[in-house]
Each structure stands twice: as structure tokens, then as C-alpha cells.
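This briefing collects computed features of a protein model for use in computational work. Please consult the sequence and the structure shown here alongside the notes that follow.

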Amino acid sequence: MRRLVLATPSPEKDARKIELKIEEVPIPVPRAGEVLIKVVAAPVNPSDYGEWFNTAPSKCPMVVGKEGCGIVVASGSITTKIWTSVGQKVGFVNLPKGQGSYSEYVTAPAATSIFPMPDDLPVETAASFFVNPYTVVGILDTCEELGAKGLVHTAAASQVGQMMVKLVKIRKDVTLINVVRREEQAATLRALGAEHVVVSSVEGWETELEALIKKYKITVAFDAIAGDMTGTLLTMLPPKGSAFVYGNLAQKPMGNIASLDLIYRKKKLNGFFLTSWLMKGGHIQMLGRLRKARLLVNPGLVGGWSSSKFVDTTLDKALEQFATMFEGGSFTDAKLRIRFDQFAEAP
């Protein structure tokens, strides 16, 4: 079978200097408790191409790809029938070491890595079933745990941001203040139903945002940018407010943080990581969160709040298509999706 590996990263963040290679390897054999999946599609997430830029050269070649979807074609033991069966459409994450989703076939533990999909769902639609929509659920769940009735969200024109706007519109119990860089991004969110959008390239945006935070008594911010934006948000929040960082689009260390906010005003600066949210409280609570998220996410994968827009490519053309999209800044409108269903060989 064929799979994609990272041969040369690009610390300079130059997409044209990345080297991804296709290598031929044997089809993996599922062990007890695992299933073999014929991969249909896998998305390119920011966490994926972040590795293409930031991985140490000494770790290459390295298999790549964190999530995807496909069809179960074999089982390593009878126990996997508790969770799935041969012929089942599934999404998958958290693959065993040495495997990546940009592969024609993968094996995965049925109990912890497989998410059965509805029979009537076009399987390729589930390519991005996990990272983005589950992040949205996790962010809103975190706000709920803190007793927050609303939040500020930066980089809000992203796929995650658009999903959040759509889910909040359905829920109607959360005030969402979106921060974007450009007016056309604001127009995109308003067309989806966003009520509050602040454009950070417009003079006076800080005053506008601070006024909205005060008006709606916002106590939480989720920041995907980092750099000085994190400190700016923390300063605007009221005493005991919490800022969460879950991205690094600025490619800079967090800054502009007032120490007195942390010491005397009891504000908190936190990191948000999807896996940590899921695992918080142990295995039983994790299963509850997964069930809650699945019930929210799966019905919306086709045309609903959790659906994604894709630009399709193949294994051979993935790097060239990625470089074109990355240089053009076009990941807001659609996500790159690698399709395998045209040429995967039989097991």
C-alpha cells in the first residue's frame, strides 16, 4: 500500500520547502482488539501542517495524518464486534505509533480510536468528523463548566469558528463575540448568523471589543492566535476572567500579559487541548463526553453545523495543492482533503 511521510520539514514556514514522499509499505495487520480500515479520505488540519513546519529533521521520515474516515475491512479478534463490525463506515483518530491517516490502510484500536458513522452518511463526509467539531463542543462545554454565558473567540473565520457560529445559533444560550482580521471574513460569519463580529484590522477595534465584553459580561476568551493577542484579551476580561490558548497562528510566544492581572485580579491563563478535555476526570467521564459530542456532531456532518467544506486532492498531488492553498491564505473557505477511494489496492 501507499502512504505519505514527511521527509523534510520547513522551519522557515515555506510550504514549497516541505518534502512529503509517498512510500510503499505492507498493509498493516490488525492485532487483537484492532480493526483494519480501508481509508477513504483524510483532512489536512492546522495541527497536521504545523508538524510539517516544526518537526525536527532528526525525526524524519515520519508518517503523517491525525484523523480520517474509511470502512472496516478486517478484524484482529472477535472482541472488536462490541464496538464495530466489518463493513462499518467509521471515522478514526489516535492511531498506533508508526501509522498516519494519509495511508491507504490503517489499523486502529476499536475501543478507543474508532467512531462508527451512520449507514446513510457518505463516508468521505466524515473525513473531518473529529478535530474541528469536537473542539467546538469542548470549548462550549468548558465555558459551561465555568458558568460563563458567553465567550470571545479569535481567528473566528476558521472552520472551527464557522462551526461555532452555527452551533451557538442553534443553542441560543451563549453570547459569542467573534474576532476576525478582515471585513470579508466578518461578512462570511454574518451570513452564517453571527451577531457580534469585531474586525481587528479596523482602527478602534480594541475599544469595540472591550465594550462588548463589558455589555455582555463576558468572562472567557478562547484564542487561536497567541502572540500579543492573548495578553490583550486577558487585559479586557473582568477580574477572575479566564483566557484559553488553543492555537499559535501568530507563530510567536504569548506576550502583552499584565502580571497584576494574574496576581491581584485573579485572572487565569490556560491552555486548551482537545485530548486533555476529553480525558479530564478519567475514563468514565471521557466516555460521557464522547457520547455527548457524538450525538451533537454526527447529525450535522452533512450540511449541518459540523459539516466541512473541502478541496479534494490525491496522495500524489497533496503537497502541491497544500502549498497553493497555504500561500493563498484560502484555508478559511475550505479544508484540504486527501481522497484514497480512487486507487486503494485490495487487502
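T232 belongs to helix α6 (residues 228-236); helices (H or I, at least four residues) and strands (E, at least two) are DSSP runs, numbered from the N terminus. The model is predicted: local features require pLDDT of at least 70 and side-chain atom pairs count only at pLDDT 80 or more, while totals for chains, interfaces and linings use all residues. Residues are numbered from 1 along each chain as its sequence is written, and side-chain values use heavy atoms, with hydrogens and water left out.

**Confidence**

- The average pLDDT of the protein is 92, and 98% of the residues score at least 70; pLDDT is the predictor's confidence in each residue, from 0 to 100.
- Over residues 343-347 pLDDT stays under 50, and for this stretch the model has 16 contacts beyond four places in sequence, a contact being heavy atoms within 4.5 Å.

- T232 counts as buried because its relative accessible area is 17%; buried means under 20% relative accessible area, exposed over 50%, and partly exposed in between (1.4 Å probe, protein chains only).
- A polar atom of the T232 side chain lies 3.0 Å from the backbone oxygen of D228. A polar contact is a pair of N or O atoms within 3.5 Å; within protein, one must be able to donate a hydrogen and the other to accept it, and residues adjacent in sequence count only if both atoms are side-chain atoms.
- Apart from neighbours within four places in sequence, T232 is in contact with W205 and N256.
- N256 is located in the loop between β13 (242-245) and α7, and its relative accessible area of 46% makes it partly exposed.
- The phi of N256 is near 60 degrees, a positive value in a residue other than glycine.
- Most residues other than glycine have a negative phi, and most peptide bonds are trans.

**Helix α7 and the segment after it**

- D261 is part of helix α7 (residues 259-263) and is buried, with a relative accessibility of 3%.
- Leaving aside neighbours within four places in sequence, D261 contacts L234, T235, K266 and K267.
- D261 and G138 are 123 residues apart along the chain, and their C-alpha atoms are separated by 26 Å.
- K266 sits in the loop between α7 and β14 (268-271); K266 is exposed at 53% relative accessible area, and its phi is positive, near 55 degrees.
- K268 lies in strand β14 and is exposed, with a relative accessible area of 52%.
- Beyond its neighbours within four places in sequence, K268 is in contact with L234, G241, S242 and A243.
- From C-alpha to C-alpha, K268 and I257 are 11 Å apart, with a sequence separation of 11 residues.

**Packing of α1 and α10**

- In helix α1 (residues 46-54) the buried residues are D48, Y49, G50, W52 and F53; these pack against β1 (2-8), β2 (19-24), β3 (34-43) and α10 (318-328).
- The buried residues of α10 are A318, L319, F322, A323 and M325, and they pack against β1, β2, α1, β15 (310-313) and β16 (335-339).
- An α-helix has 3.6 residues a turn, so residues three or four places apart point the same way.
- G329 follows α10 and has a positive phi, near 60 degrees.

**Loops at P61 and Q88**

- The peptide bond from C60 to P61 is cis, with omega near 5 degrees; P61 is in the loop between α1 and β4 (62-63).
- Q88 is in the loop between β5 (67-75) and β6 (89-93) and is buried, with a relative accessible area of 16%.
- The Q88 side chain reaches the backbone oxygen of M117 at 3.0 Å.
- Excluding neighbours within four places in sequence, the contacts of Q88 are G70, I71, V72, P116, M117 and D119.

**Second largest pocket**

- The second largest pocket holds about 230 Å³ of space. A pocket is an open set of points on a 1 Å grid over the protein atoms alone, where a 1.4 Å probe fits, with protein on both sides within 12 Å along at least five of seven lines; lining residues have an atom within 4 Å of a point.
- Residues lining this pocket include V165, K169, K172, L176, E195 and H196.
- α3 (159-171) and β10 (175-180) are the elements that give two or more residues to the lining.

Note on methods: Grid points are joined across faces, edges and corners, and a volume is the space filled by probe spheres set on the points.
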